[in-house]
Amino acid sequence: MGIGYHDKLQWAIYSPSTGKIRHGNLNGAPLSESLGGDFGYPFSPFFKPDEAEVRYCLKMADWWAEIETRRESTMKVHQVGDACNVTLSKSTRQHRLISEAGPLVPPSGYFDCTVEVLWNGAHVPIYCSDPLLLQVLNGHLNDNGVYSLYVTDYTINAAVPPVQASWCSPKLADYVLKIEAWDDAVEVAQGMFTGEYFSIKNARMMISHGGYLEGKVVEKKIQKLDVKEDGPINDNFKAFLDRKKAWQDDNNSVDHSDEFENKTINEAVEGKHFHCVVEVLHAVYEGDGTSCIYVTDYTSRDELFTGRVQNAWGGAGLDGRILKIVLFNNQAEMAKTVQVGSFYAIKKLRLKQSTTARHFRGQLGGVERLIHLLHPNTDDQALHALKQRKEKWQKDLGIYAVSSSARDPVKAKPVEAVPVGTLVSAHHGGTIAELQASSKSPNKSRIFARVVDFRPWKLSDAIIGHCTQCKRDLSHNEKACVKCNDSDHEYVRYIFQMYFMLQDEHNNQLQISVHDGSSLFDNLERGEIVDGSKTYNALSARLGGILGDLLESHSKPFPKGGTFTLPNTPMLSMIIDTWDVNGKHAYCLAGCEELAR
């Protein structure tokens, strides 16, 4: 029986007829995905054998062909047993840098290394004379008997999470590897003091539950290394000391956390820590130690994208303004307590390009409290500037018109959102004929009419998926864009899309679109709708005053012949936007003036 471990099993197909390795028809599946919120180890399920393994497969194929030939010649069944004496040469464990090690590096992620212990939590930390080299990281015995400590060899592995804490210089954060000592290695690890150097044999690089890399050692093959004048130093230790000196020479300035600058997201530099003030739009808590929050400070930059948008927080106008912040360590728990719609000060945030995507995301970890709730009336200059940007964004946003054949937004003058509720009767507005006779475009007009039909037929289909990458509307069977290989649903945005058939007092009819930016959908949750769900009931209640008996009619199957009795719906004073699409006028519902709470 084979066991496939999570994020570890890999496979490949060897073809004896061609002697080549293949993986079948991938059907657009990505070759790899990064774990740990796109910042962790880039894992691929597709195995890429080396030359020795391909030779082994070739020998196995030749052996089996010979067995088949014998069987056919004698028509007897042979016990294969040890008939094939094929051995696969094993890779020898080597001394590697942390930057070179990985779970798939032969043999099976095992390696030897030379490291410095940055701090062991069981002992008093040793302080270096240079404040920048204050290397205090948490070593501790876990409840399961595993001992965790933190080391460095002054190289960077991109799949290792950076350390963010008051006791670790930000300039050193990327160079730290967590090693977990098991079994016989626990006793030795507890005696490894801060600032001491060690040679570790038979360590192994593993993928943590959060999708990042961490080390593991289970044997006592750990030897302390000393620096003695005129004493012998092996080549690996000498190279380590040279790297450390080079790092110290490059980082000889004092760096304090309170010197980080307050920056807006569009001002931040990739890889450099900064403080910022943001509004939280959405939070996702994961139980595996990684979570994320989606925030904005109402600045924009090309490297940002909307993300996995399934709520009103990802509505029109926020593309390029939403930053996904991946939380790990103690910060992950904050995803359970942050208040959506509130303002927060975030300390020591870093922007980093995800290992498999082209977009920036925020990265926040460590044990300090780095996310602080701000009262809306707090006298904070950064908060005041954010609120001003938000007000300007709301003023400039306008209404976006969407046709059935194109998703490109057409910007019109802002229309104040009108609350939806009790209908107030009034005869106010022109006729459909007058609207169609006007040659002005773009234009905003008011007509007096009622809704006599709507599409899609089922109200539960009023929300569609849209790919923000290729600007394509997704079918109801698509959960993500296959064309863009969006396996992580990063480009999916759910939006409202409806069409109303209007009829005025002269029985003239006009089809109009009702797009996601319409005030009718303000504050409604975006996501897949299921009949009877909270989202469905909220949408039904919002549209009930406009659609009247139509909701009941559309709850039944589509009528044969496509005709039905005109419903009893109210006459409304409607504001209609007009614009040109392919040389013809198109019409969109901007608001219903007579709807009030």
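**Ground rules.** I count residues from 1 along each chain as its sequence is written, and my side-chain values use heavy atoms, with hydrogens and water left out. Because the model is predicted, I ask for pLDDT of at least 70 for local features and 80 or more for side-chain atom pairs, while totals for chains, interfaces and linings use all residues.

**Background.** Most peptide bonds are trans, and most residues other than glycine have a negative phi. I went looking for departures from that.

**Cis bonds.** Which residues does a cis peptide bond join, with omega about -5 degrees? I found P106 and P107. P107 sits in the loop between α1 (51–74) and β5 (110–119). For these labels, helices (H or I, at least four residues) and strands (E, at least two) are DSSP runs, numbered from the N terminus.

I also noted a cis bond from R455 to P456, where omega is near 0 degrees. P456 belongs to the loop between β21 (443–455) and β22 (463–467).

**Positive phi.** I looked up K348 next: its phi is near 55 degrees, positive although the residue is not glycine. K348 is part of strand β15 (residues 343–353). Is K348 buried or exposed? K348 is buried, because its relative accessibility is 7%. Buried means under 20% relative accessible area, exposed over 50%, and partly exposed in between (1.4 Å probe, protein chains only).

My last entry is K471, another non-glycine residue with a positive phi, near 65 degrees. I located K471 in the loop between β22 and β23 (492–503). With a relative accessible area of 46%, K471 is partly exposed.
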